[in-house]
Amino acid sequence: MVAGLQDHGYDVEWIARSSPSDQDETILRRADIADWILLTYDSDFGDLIFNQSMPVPAALIFSRLDRLNPEAVVMRVIAALKRQPLLGHLVVLARDGDRYKSWMDRDNG
């Protein structure tokens, strides 16, 4: 997926390669996290942001899509990146469609 997004002109940092030992909390505490859109298959990020009030990225895209077809996932991610609203939201990519939840909902459960 990283190569696919880069092939489409996106600036991608692959945490598993650049900071392989960083825990989820460390990633969210990065000084530049508010400038990044975080793409993950790890549902723990949503929990950390919404239930533990950790710092937020510009947006969080959580994929529940099959990893066996990375090009299809890349195309769904690109579509989500072009759609509004994106910034300030958790976007869940699922087979039955995309769901959005605003960071503003953190205080409202």
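Two strands count as paired if DSSP finds at least two bridges between them. Strands here are DSSP runs of E with at least two residues, helices are runs of H or I with at least four, and both are numbered from the N terminus. Bear in mind that this is a predicted model: local features need pLDDT of at least 70, side-chain atom pairs count only at pLDDT 80 or more, and totals for chains, interfaces and linings use all residues. Residues are numbered from 1 along each chain as its sequence is written, and side-chain values use heavy atoms, with hydrogens and water left out.

Let's start with S3 (residues 89–94) and S4 (residues 97–102), which run antiparallel and share 6 bridges. A hairpin of 2 residues links S3 to S4, and Val92 has Arg99 of S4 as its bridge partner.

Now look at H5 (residues 70–82). Val73, Val74, Val77, Ile78, Ala80 and Leu81 are buried there, meaning under 20% relative accessible area with a 1.4 Å probe, protein chains only. They sit on the same side of H5 because they cover an arc of only 160° around the axis, taken from the directions from the helix axis to the C-beta atoms.

On to the largest nonpolar core, which has 15 residues. Such a core is a set of buried Ala, Val, Leu, Ile, Met, Phe, Trp, Tyr and Cys residues joined through side-chain atoms within 4.5 Å. H4 (44–50) gives the largest share, 4 residues. Leu60 is among those with the most contacts inside this core; beyond four places away in sequence, Leu60 touches residues including Phe45, Ile49, Leu90 and Trp103, where contact means heavy atoms within 4.5 Å.

Conventions
Buried < 20%, exposed > 50% of the residue type's maximum accessible area, 1.4 Å probe, protein only.
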